[in-house]
Structure formats: structure tokens, C-alpha cells
Amino acid sequence: MDRKILHIDMNSFYASVELLTRPDLRDKPVVVGGDESLRHGIVLAKNEIAKAFGIKTAETLYLARQKAPHLVVLPPHHELYHEYSQRAQAIYREYSERVQPFGPDEAWLDVSHRPESGEALAAEIKARVRGELGLTVSVGVSWNKTFAKMGSDHRKPDAITLITRENYKDILWQKPVDEFLFVGAATAARLQQLGIRTVGDLAAADPEQLSKILGKNAWSLVFNARGEDDSPVLSEAEQGPPKSIGVSQTTSRDLTKAEAIRDLFTEISGEVAQRMAEQGMRGRTVRIVVRDTNFVTKTRQRSLVTAVTEASDILREAWELYEEHFAGGVPLRLLGITIDQLESRDAAEQMSLDDLLAQTPRSASAAKAANPLVDALLEELQQRFGPEHIRKGYKKDR
Ligand SMILES: [Mg+2]
């Protein structure tokens, strides 16, 4: 028996949430963007009307305004998106314990155990999200996760697409290969050089040959394109706590100016903080990734004495890493921030030490400043364990 899998995608999520409180703006092009006072703020999300003007996520507000002179720019409210994300997932969990979120606005559901058809459940959930949250969703229904996700992408907003064993070749195999799940720009460029232009071409490719060029990922790409993705929709318990939380953003234009790069890091920090709040986590390693216009990707990271949770702290660490390693380099097309060494925010056994270390310097510059409380603690520990075993400072990897 085939599985029944839904992929639900909340349409223009951030922009739609903002418009709930601003119905007067519904007929206008609206984007959620960085701080308006920042000259190079970027587009985080757009409504359908803004999309029709050709406005793209991650482009500068300046460029977006050139495309739509009457553009309305609203500042982001990450706590609100978090709340709506949780409320949607609570609805989904009434239908299955196998609900696997993919970012704040998407989730897979395995509803194989239910007597209703996938389509009937998709219609019911769609109506509930609209009625209870006021938001529209697109739903893909299929027998595997890959095709369900492609189905939710096929028609939007506010639509249901069934990808069946009868129609998948007609609907999905015509699509350009760069629209296939997990095919990024670099992979798409390589596939096109090999004459693989559509999802159907990918399905027809020899995975053995392809793996010599793309590595072992080639196997899952080809099999997924053939409809043979048998990966399960994971329950919350199976997903476990995340090992790291990361957000990256590619841009349609080269990033050269420091302000533009800092603005994008600002937005990404906000999203990372939101994801960590969703998971109730904090983290002790901050890693940044940058990719330049030649697709060269580099990462740098540092470990922290005090775990970070706030967007402003994440931004400070990320920005220091950037300035230290990459400032003034070649133009960039991707920035990302990942937080590692995650721990639960209510890890109670660490509270007393945390209280002390809350005053510990978080960076090289801050470490030079004296902190009597930490100095006293340090002295005591050195007396107990020997000075070679503990010293003051912050740890920096690589
Ligand atoms: Mg969405």
C-alpha cells in the first residue's frame, strides 16, 4: 500500500501574518523587510502582489522599490511568526503524530493510517488553517515526501495538488531540474552541462555515472526523481533535538558593501534566534558561511563561554567573525549563520555557573576588560586544579 503524505506550505508566510493586522494593505504590494532606516535593508518575504511586480526574496529594498514604487515595507515580527508556526503545527498534529516541520512555514504529514483520502484531509486542514489562523496554505499530496513537496510548490496560493502514480510524469518531469528538491544553483549548473535539463532527464540518468560527478548525493537525487523516495516522515520523538540550527540566504545580486552584508546578517540572526526559540535551545558555537561569486564556500566559527539566544548576540558574533576573516574580500552571493553545541534553555544544573559566567567576556576585545567576579572564580579554580588547567579567555576554533 502506498503511503499518504501531505506537504503543507503556508503561502507568503511572514507577509501573510503581517497582513492579518493590516487588512487595508491587502491590495497593495507588500514586503516584510529589514529596518527601514537601513539604506540596504532586504526583502524577507513578499505578498502575491509584490511577487507579480517581480520582487524577489533577499533583494534590496532599494531595488524592490524601483520595481514597485508604491511598495509597502513592514518590519519583521519574528515572535509573531513563531506563534503562528506553532499554531499551524498544533492543527497538523491533530491528524498525525508524524508531523515533520521544514522551516517555520512548511511541514510534512504522514496520514497513511487515516481512513480518509489524502485529498480530503488536505482540504480539511487547509480550511481549518484558513478559518482558525486566517492564512492560506498550498498542499501537495503524494506517496512520497519529495513529490508531496513538489506538489505544494506546483500551484499556489491556496491550492491542493495531487501527485499520483498516474500523473507524476506529466506534472513533475517537465519541470526544469533546478526546481527539484535539493538541487541548488551549483548542482543545477553541473546537471545542465551534462544535458540534464528537466526532472525527467534526472530520473532517466544513470546514478552510477552521475555520482562520479556529483558525489553520493547523485543516488538519492535520481531515485527521488523516479518517485522512489522512501524516507519516512519523522515524528517529533524521532526528530530528536536538533544538533544545530542554521539559516542561510542566497542573493540574486552580488553583495559587496559592508552595510548590505551586515543587513543580511542582521536578518539571518533574527531567523536563527526565532528557530532557537521554537526549539527552546541556546547554543555555544557560532559559525558563519559565505559563498562568493565563484561558488567558493568558506566557514569560520568560534565557541563561546556563554550560550547565545538573542538575535543581537548572534549578530555580534557573526559580524566579528566576518570582519576578522572576510571583510573587503570578493563579492558574495550567500551568507549563513549556524549555531552548534545546542543545549536546552532550561538546563538547570548549569544555572549557578551560568549566573557567574553571564558576566564573562564573549569576545576577544571584551576579554581584555577586567571582570572581578570571573577573576575571583578563576583564582579559586586555579588553586584547586592548577593554573595550567584553566585560564581566562574565550575559545576560538580555527
Ligand atoms: Mg511558504
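The model is predicted: local features need pLDDT of at least 70, side-chain atom pairs count only at pLDDT 80 or more, and totals for chains, interfaces and linings use all residues. Residues are numbered from 1 along each chain as its sequence is written, and side-chain values use heavy atoms, without hydrogens and water.

**Exercise 1.** State in which order the five strands form the open sheet, and find which helix packs on the sheet.

Solution. 
- Strands are DSSP runs (E, at least two residues) and helices are runs of H or I (at least four), numbered from the N terminus. Two strands pair if DSSP finds at least two bridges between them.
- The order is β5-β6-β1-β7-β8, with mixed pairing.
- β5 (99-101) and β8 (159-162) are the edge strands, each pairing on one side only.
- Strands β1 (residues 5-10) and β6 (residues 106-110) run antiparallel and are joined by five bridges; Leu6 stands opposite Leu109 in β6.
- Helix α6 (residues 145-154) packs on the sheet and touches β1, β5, β6, β7 (137-142) and β8, where contact means heavy atoms within 4.5 Å.

**Exercise 2.** Identify which residues coordinate the magnesium ion, and state whether Met10 and Asp105 are buried or exposed.

Solution. 
- Donors are N, O and S atoms within 2.8 Å of the metal (3.2 Å for Na, K and Ca); water is not among the atoms, so sites may look incomplete.
- Asp9 (OD), Met10 (O) and Asp105 (OD) coordinate the ion at 2.1 to 2.4 Å.
- Along the chain, the donors follow the spacing D-M-x94-D.
- Met10 lies in strand β1 and Asp105 in the loop between β5 and β6, so the pair ties together parts 95 residues apart in sequence.
- Both Met10 and Asp105 are buried (under 20% relative accessible area; exposed is over 50%, partly exposed in between; 1.4 Å probe, protein chains only).

Key
Axes fitted to C-alpha atoms, helices over the stretch in contact; angles between N-to-C directions.
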